[in-house]
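Student: I'm new to this one and would like to learn how to read it. Could you walk me through it, feature by feature?

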Amino acid sequence: MTLKIVALTALALAAGSTAALSEPLKIGLITTLSGPGAGLGIDTRDGFMLAVEQSGAKDVEVLVEDDGQKPELAVQIADRMIQSEDVDVLTGIVFSNILMAVAPSATAQDKFYVSTNAAPAALAGAGCHPLYFNAAYQNDNLHEAMGEYANREYKNMVIMAPNYPAGKDSLTGFKRYYKGELAGEIYTQLGQTDYAAEIAQIRASGADGVFMFLPGGMGIAFMKQYAQSGSEIPVIGPGFSFSQDVLPAIGDAALGVKNSGQWAKNLDNPASKRFVEAFEAQYDRLPSIYAVQAYDAAQLILSAHESAEPSDTEAFRQALLKADIQSPRGKFSFNTNQHPIQDIYLTEVVKEDGVLTNHTVETIFTDHGDAYAADCQM
Amino acid sequence: MSLPLLIEQALNGLQLGIMLFLMAAGLTLIFGVMGVINLAHGSLYMVGAFACAAVAAASGSFWLGLAASLAAAAVAGALVETTVIRRLYARDHLDQVLATFALILIFSEGTRWLFGSFPLYLDVPPLLQGAVALPGGVQYPAYRLAVIGLGIAVAIGLYLLIARTRLGMRIRAGENDREMIAALGVDIRSLNTIVFALGAALAGLAGATVGALQSVQVGMGEPVLILAFVVIVIGGIGSVRGAFYGALLIGFVDTAGRFFLPRIAGLFLPPADAGLLGSGLASMLIYAVMAVILALRPKGLFASHA
Amino acid sequence: MAEPILRVAGLRKSYGGLTVTDDVSLDLRPGEIHALIGPNGAGKSTLIGQICGSVMPDAGSVSFDGRDITRWNTAERARAGLGRTFQISTILPEFTALAHTMLAVQARQGTSFRFFRPTALDRSLRDPAMQALARVGLDGRAEIPAASLSHGERRRLEVALVLALGSKALVMDEPMAGMGSEGSRELTALLSQLRHETPILMVEHDMDAVFALADRISVLVYGRIVATGTPDEIRSDRLVREAYLGEASA
Amino acid sequence: MPERHAIPVRSLLASLAIVLFPLAYALLANLSGETFHVTLATRIAILGLAATGLNLALGLGGLVSLGHAAFFGIGGYVAGIVASHAMGGEPLPFGLPASAQMASVWALAMLAAGLFALVVGAISLRTSGVAFIMITLAFAQLVFYLAIAWPGYGGEDGMALILRNPFFGLATMRPMTFFLIAFGALLAGLAAFAIIKASRFGAALQAARQNPDRLAALGVRPDRIQLVAFVISGAITALAGALYADLNRFVSPSMLSWHMSGELIVLVVLGGVGRLAGPLAGATLYVLLEHFLGGVTERWQFFLGLALLLVVLMGRGGLMSLLAPKGAGHG
């Protein structure tokens, strides 16, 4: 008992002595650095750390941990970061299922969570929270954009996604804007690797377009197999299916595919150019959208720290809400549910110096929020 | 539902079955001859795919990659057999499960170490690009047809190997009585290594051929490993013939389930719900089929002799 | 003559084209030892398997203690009182001799689904088990793990199990196999006594033991019984000499 | 009869040390304010309990189940589903009251998993050896895909329990309180294992592992004995699953994945198959390795694999046989 009191006193003294300066900021970055989804986590970490290094902030500490794409491991790490390391902000999780395991309990313990990617509907609507921010998008946004785009090009579409919550959200988001006919609505297994049966169905459906949301390896497999099938029906999809991490593995089969994103490498603004240059210089590869999102999340947290103490949650929250950053995406602000309001672009897979990447073609949505903000009571 | 579509789906079932057979044949051979259950068989599949992708990328030739996949997987298999599996013959299945589970961890993390976390690129060779027109108005990818042909060739080759050659005779003798074959003066150690390497090479071949259609990434072997186990258990463990028919059965059932179940559900439900329910049921279908078969025939459809 | 306790009638079993049990009929009467002999590959083990329930016959019947048990499983036959010993001593290597025998007592009582009381302190198991061990002369070796018992001791342990189980009849698959002459003599004496409470059907290759013990002998050749009779009758049977003893001496 | 039942002192002491380790670890962590390490100790206790359940089937009964994740996950999902119904005030199916009290959640979890184990066991026990391993795996995969495909309860994303379920009046969100609850469940599980092992049923079960033909020849059907053991085993693992859901305040299909089944086997074998404290020893080692090795290198799974391989190839009998070599066999 005595020991504990002494320790507490020491802590109090330490706290007192630094109170004159700005409080140091401790950030817990939990992301997927091993397992099948590690590529996304590595980009997240690298994008985040790039912003931290560029800021030159000295009083910021980032603890990086690998969740191995296992929700229970992520919870364990988050508990440690909250209970033992006393971090101020958690961030970095790539996958919705892991986010759902960590974010609600983190905010319940009075910690900020700033999402770098995952944005399930459950946390954007009725389940929103003053300490939960999303720096990326709302899951539905990119699908909604493709629905809007599809209205101009197609009249009768097959839509396809894996049978899991993000997959269902995807098709729901697409249908929210798409007004044409549906020739088929196909749900595949999560992690499915062979799409012969589905491709046969698509070819026989008489559709004039295919919308597919198949992230990671699933999209790689589908696009390669689709290219071999001889089908002439064009494929479109959200940016997740054609992001920088999977494009090299899909190869030329992806060339010319229209997709959507809130950023692409060719976006004409100084912040984007600076970011791409710095990222390539630092890591010797092209940044993916995940890196951009993490980069912005880090910028947001750092900008808030410039004007508010993390211990004063309300002040820090207000500072975050200002979104006072130079985003590579251009305009960026927060909606009432603390999800982004931003432009969504039509992008196209192109080959640049022998490397596949996305270029923006046009703007689909200007200052786009999401459908759930109305349900969010804060 | 047109006839060409049905034919195409049947071909898809056949192709999936053939691919599973390549995996299952190695597994069941290894079990039949050595009595070893090898969970790391999926890792050898992955080794084949990575070797093919790496060599194809470096040399520009898919065919060199394919040869490399056979070689790499066979070498990895022989290495695994001589360093680990050899010590497990006398052990119970529990130790085998555990050791080969450990091998999965080592292979997966080791591959990530070597190749990084991003999927590798591997494309169908130019010769087999695109679709060909078959009689009956069916368009079918040339590469998948080639995979079917390759699988049937391997099945025939395996049959001839086991039925007609000295090695096959030893394999058959080894299946029946390990002690007897040792007493006959056959070098059982090298026989085991050869069979293990052969099984591994088949897995590597499967990994490479499939890698061209899918994504070459760490962990790609696990889903197919579990399917291959379902196949050999349904077929009767240790029976190569059983593995062949079991693989075709699973290939057809899985394809049919994915194709028909959403349509059947669609008779009762709105399309979105039917798609969800149908695909959910389809993902469970093969396991249900397996449970039914084993409830009726506990030793599988083609149990090798008692 | 007393009513037979075990009766096998018209038993048939074939694997593919190979008939391994061909219309076999035999019986076992109270108080007797009935030996089953025959050359290797005569189908003795398959026949034992069908009598004890590990192999199902294609045709024919097995009745025991007045009941048709043809379709019963091994455990049901054992519960009805048909005990068996195995060709290769079938023991539980981690169990002591006492633990084995206590298991047999508990099986006899039908109390294997009791989850709470520790067996080690349970006199209702322990006492009958020690008695059975004493009868085969293993009471001094009660706490020795079966894996450390000698071959002869394991054979005697198997007999103790049958005693503890209270079997009404006993089927023994080559009890003398692998025994030294000393062990064989001891076991012969033990079995000779045992027949009066538990009649024994035994498959045996050791002709000395067979002719010393058996009240009746049946000869099985190629799945078929070619002769049944007293040791003397068998010794003088021409068919047997040709088919079996002749071959044995060759 | 003390001379005939010499008490294996060393084994007893080793077991005691292993059982008390999580308690001491948690108390020490609590005292020094390191609440996270209390959570770590809780994880050890819960995984130890799950593996103790498996040990009953695997260690005593020789049933190598590669599908125990199904029971673990069923326990977790029962906890999660009951909690979500209780929060929304909706009754459960079959008119069961939606009380989120841990005690009733546990009973429900064990009942559900026990029933499932009865079905799985009845079919799987018709096979043996590798076929048994594979068919238990297949059944677990069935549940895994069901959890993903089922329209309610979060699917692949899983479901979060914002708060832990209540346990009478206790503050279950306090790490130490929850640890003590989990530790109590662990002790109950270990006691159940020890009592069953020493009982008549335990004797029959161990006989069924060593030689099912012998047991059948004594008139006891080995498959019935093994089936009952499988059901009890599944129920204990489900209890651990329910606790695990409360620990993480989260349930997802990853609890049902075949890696989880593999890990449970790893825990049992790492600690010592069939030994009372074996699974707990394995869980302790595994969780501490994961924590400390995971802090050092991202490649920790590679080294875990190597370590496992060495344990299998070199040290037979696991951790317990290092601490207390098994003496002469006994019933």
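**Reading the model, step by step**

Tutor: Let's begin with a helix that is mostly covered: in helix 1 (residues 44-52) of chain C, eight of the nine residues are buried. Keep in mind that we're looking at a predicted model.

Student: Which residues of helix 1 of chain C are buried?

Tutor: They are Lys44(C), Thr46(C), Leu47(C), Ile48(C), Gly49(C), Gln50(C), Ile51(C) and Cys52(C).

Student: How should I read a positive phi?

Tutor: Here's the general idea: most residues other than glycine have a negative phi. Now look for cases that go the other way. Asp23(C) isn't a glycine, yet its phi is positive, about 55 degrees. You'll find Asp23(C) in strand 2 (residues 18-28) of chain C.

Student: Is Asp23(C) buried or partly exposed?

Tutor: Partly exposed, because 14 other C-beta atoms lie within 10 Å of Asp23(C), and a residue needs 20 or more to count as buried.

Student: Where is Arg249(D), and what is its phi?

Tutor: Arg249(D) sits in the loop between helix 9 (222-248) and strand 2 (250-251) of chain D. Its phi is positive too, about 50 degrees, although Arg249(D) is not a glycine. Arg249(D) counts as buried because it has 24 C-beta neighbours inside 10 Å.

Student: Okay, on to helices. How do I describe two that pack together?

Tutor: You give the angle between their axes and the distance between the axes. The crossing of helix 4 of chain D with helix 5 of chain D is right-handed.

Student: Which residues make that contact?

Tutor: Helix 4 of chain D brings Val120(D), Ile123(D) and Ser124(D), while helix 5 of chain D brings Phe132(D), Ile135(D), Thr136(D) and Phe139(D). Sorted by class, five residues in this contact are nonpolar, two are polar and none is charged.

Student: Let's do sheets. What is the strand order in chain A?

Tutor: Chain A has an open sheet of five strands, in the order 2-1-3-4-5, with parallel pairing. Strand 2 (60-66) and strand 5 (132-134) of chain A are at the edges, each with a single partner strand, so one side of each has no neighbour in the sheet. On average, and ignoring direction, neighbouring strands are turned by 20 degrees against each other.

Student: How many bridges join strand 1 of chain A to strand 3 of chain A?

Tutor: Three bridges join strand 1 (residues 25-31) to strand 3 (residues 89-91) of chain A. For Leu29(A), the bridge partner in strand 3 of chain A is Thr91(A).

Student: What lies across the strands of chain A?

Tutor: Helix 2 (residues 38-55) of chain A lies across strand 1 and strand 2, running at about 160 degrees to strand 1 of chain A. Helix 11 (residues 289-307) of chain A packs on the sheet as well, touching strand 1, strand 2, strand 3 and strand 4 (112-115) of chain A.

Student: And an antiparallel case?

Tutor: Go to chain B, where strand 1 (residues 131-134) and strand 2 pair in the antiparallel sense over four bridges. Leu134(B) stands opposite Val138(B) in strand 2 of chain B. The two strands form a hairpin with three residues between them, and Gly136(B) in the turn has a positive phi of about 90 degrees.

Student: Last topic, chains. Which pair has the most contacts?

Tutor: Chains B and D, among the four pairs that touch. There, 36 residues of chain D are in contact with 35 residues of chain B. Helix 5 of chain D gives the largest share of chain D's side, 14 residues. That side has 28 nonpolar, six polar and two charged residues.

Student: Which chains make no contact with chain C?

Tutor: Chain A makes none, the closest C-alpha atoms of chains A and C being 35 Å apart. Chain B makes none with chain C either, and their closest C-alpha atoms are 11 Å apart.

Terms used. Residues numbered from 1 in each chain as written. Chains lettered and ligands numbered in written order. Predicted model: local features only at pLDDT ≥ 70, side-chain atom pairs only at ≥ 80, totals over all residues. Left-handed = near helix turned anticlockwise from the far one by under 90°. Contact = placed C-beta atoms within 7 Å. Nonpolar A, V, L, I, M, F, W, Y, C, P; charged D, E, K, R; others polar. Pairing = 2+ DSSP bridges. Axes fitted to C-alpha atoms, helices over the stretch in contact; angles between N-to-C directions. Buried ≥ 20, exposed ≤ 12 C-beta atoms within 10 Å, placed from the backbone.
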